[in-house]
Structures are given as structure tokens and as C-alpha cells.
Amino acid sequence: MTHTFPDISINTDRLVLRALEEADAPALAEMMNDEMVAAWTAVPQPFTEEAAHRWITEYAPTERTAGRGLDLAVTEFLTQRLVGIIQLGKTNWRVRSTEMSYIVAPWARGEGYASEAALATAQWLFGDQGFERIELRTAADNTASQQVAQKIGCISEGILRGACIARTRTEDGDWADLRTDFILWGLLPEDLEGVADQMAEAGYSSFTDWS
């Protein structure tokens, strides 16, 4: 039996997490061409609208129906503007574990959107889907991503030495690969205890609902 993720919508006070739609392609392409996204991900550069369209119409649906992962558009509740992406991958249905990553558009950074979306996704995975473990891998120098992992209750479990290929700008403006370490984070259901309250005290949403 092949397990698959459902076609889900997850709501918080400020955000709606939903399946990617074809209308998201221009905003998705713009977000993926940001310097920080290029530096810390393996997304091809430059990232075209055609590539965004293939991601939305081919890659994401195939990953979900094959049970390997799930790609969710993170949008503002009021404006419906694309804030970022939550991506689940390398899913092991027997172990009930998956790997989570997140990307936030440059204009939306500093608002706590990544933490809010990641926490809501974790609550849904543990509460509705019966998952027992979520893993995150953050590049050693990607402090922003590490802060998100810490905010949602992840525990640092070690260093994967030389396991990450980041990118850096060269003098002529091209991109060059840069080998660095991954920090491995783990999140179990019990690690979420009190996290939502702490985020609410910091002024971020603690309400999560899904349908």
C-alpha cells in the first residue's frame, strides 16, 4: 500500500498553507531567484517561470501522490500573497518521519512567518497524520534557518560534516559551490509542548486549524 499526503489546507491567524497553484508561478519564480535562496538551496539559477510552472504542475503533484513528500504554498490570509514554501520530503511511512524545509520571500522576512508555518505543519503532521519525527537540516552558516528550527522546538542532534553544498558569488558575478556542514535537527511530538504558547507570547500566531 502506498501512503500519500492528503490535499490539505492549514490555517493560522495570519497564514494559509495550501497546494501550489498555477497562478503562483510568477511569485514563486521571483522568490527562488532571491540571493539568499540561491545561496542556501540547490534551486537552479536563474529560476524561470517555466521552471516554476513545472514544479507546480508536475513535480509537486507527483511527490504527493507517490508518498515521498508535500509542497505547500504559504500565503498571507488577508492578501493571499505568496509568503513562502514549506516542503516535506524523504518521507518514511513505516518510521512515520519526514524531512521539512522552508523558504520565505525576501519581502516577508522578519515577520515570524517561517516559524508560524513550520509549527503549524508540525502540529498537523503529529496531530492529524500520526507522524513521530520531523527532521531538518540547516547549513552551518544559515543562522536564520537555525533560529526557525529552535523556535519551533527542534533539538540539535549533531553535525553532518561536509554534507552540504551551498553557493557563493564569485568576483565575476557567477555562482560557485561551497562545501560546508549540515546541522541535523530532530522534532518529536513532545518537543512541541509549550512552543505555541511561547510563540504567542512573542506576538506570533498559536492557532492552527486544517481541513
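Q: Which element gives the largest share of the lining of the largest pocket?
A: Strand S5 (residues 97–104) does, with 6 residues. A strand here is a DSSP run of E with at least two residues, a helix is a run of H or I with at least four, and both are numbered from the N terminus. This is a predicted model, where local features need pLDDT of at least 70, side-chain atom pairs count only at pLDDT 80 or more, and totals for chains, interfaces and linings use all residues. Residues are numbered from 1 along each chain as its sequence is written, and side-chain values use heavy atoms, without hydrogens and water.

Q: What makes a space a pocket, and what makes it a cavity?
A: Both are sets of points on a 1 Å grid over the protein atoms alone. In a cavity a 1.4 Å probe fits but cannot get out. A pocket is an open set with protein on both sides within 12 Å along at least five of seven lines. A lining residue has an atom within 4 Å of a point. By this rule, 49 residues line the largest pocket. Trp 40, Thr 41, Ser 101, Tyr 102 and Ile 103 lie nearest its centre.

Q: How much space lies in the largest pocket, and what is its lining like by class?
A: About 1,400 Å³. A volume is the space filled by probe spheres set on the points, which are joined across faces, edges and corners. The lining has 27 nonpolar, 11 polar and 11 charged residues. Here Ala, Val, Leu, Ile, Met, Phe, Trp, Tyr, Cys and Pro count as nonpolar, Asp, Glu, Lys and Arg as charged, and the others, Gly among them, as polar.

Q: Which element gives the most to the lining of the second largest pocket?
A: Helix H3 does, with 4 residues. H3 spans 49–66, and strand S3 (70–76) also supplies at least two residues. This pocket has a volume of about 160 Å³. Its lining divides into 7 nonpolar, no polar and 3 charged residues.

Q: How many cavities of 30 Å³ or more are there?
A: The structure holds 1. The largest cavity has about 40 Å³ of space. Strand S4 (82–92), S5 and helix H4 (113–127) each give two or more residues to its lining. S4 gives the most, with 4. By class, the lining has 10 nonpolar, 1 polar and no charged residues.

Q: What makes Glu 63 and Arg 68 a salt bridge?
A: A salt bridge needs a side-chain nitrogen of Lys or Arg within 4 Å of a carboxyl oxygen of Asp or Glu. The closest N and O atoms of Glu 63 and Arg 68 are 2.8 Å apart, so the pair qualifies. The structure holds 12 salt bridges.

Q: Why is Glu 63 called buried, but Arg 68 partly exposed?
A: Buried means under 20% relative accessible area, exposed over 50%, and partly exposed in between (1.4 Å probe, protein chains only). Glu 63 has 12%, so it is buried. Arg 68 has 41%, so it counts as partly exposed.

Q: How do you know that Lys 90 and Glu 99 pair?
A: Their N to O distance is 3.7 Å, so it falls within the limit for a salt bridge. Lys 90 is exposed at 66%, whereas Glu 99 is buried at 16%. Salt bridges with shared partners join Lys 90, Glu 99, Arg 133, Glu 135, Arg 137 and Glu 157 into one network. In it, Glu 135 and Arg 133 meet at 3.0 Å, N to O.

Q: What makes the backbone at Pro 46 and Lys 90 worth a look?
A: Most residues other than glycine have a negative phi, and most peptide bonds are trans. The bond from Gln 45 to Pro 46 is cis, with omega near -5 degrees. Pro 46 sits in the loop between helix H2 (35–40) and H3. Lys 90, in strand S4, has a positive phi near 50 degrees.
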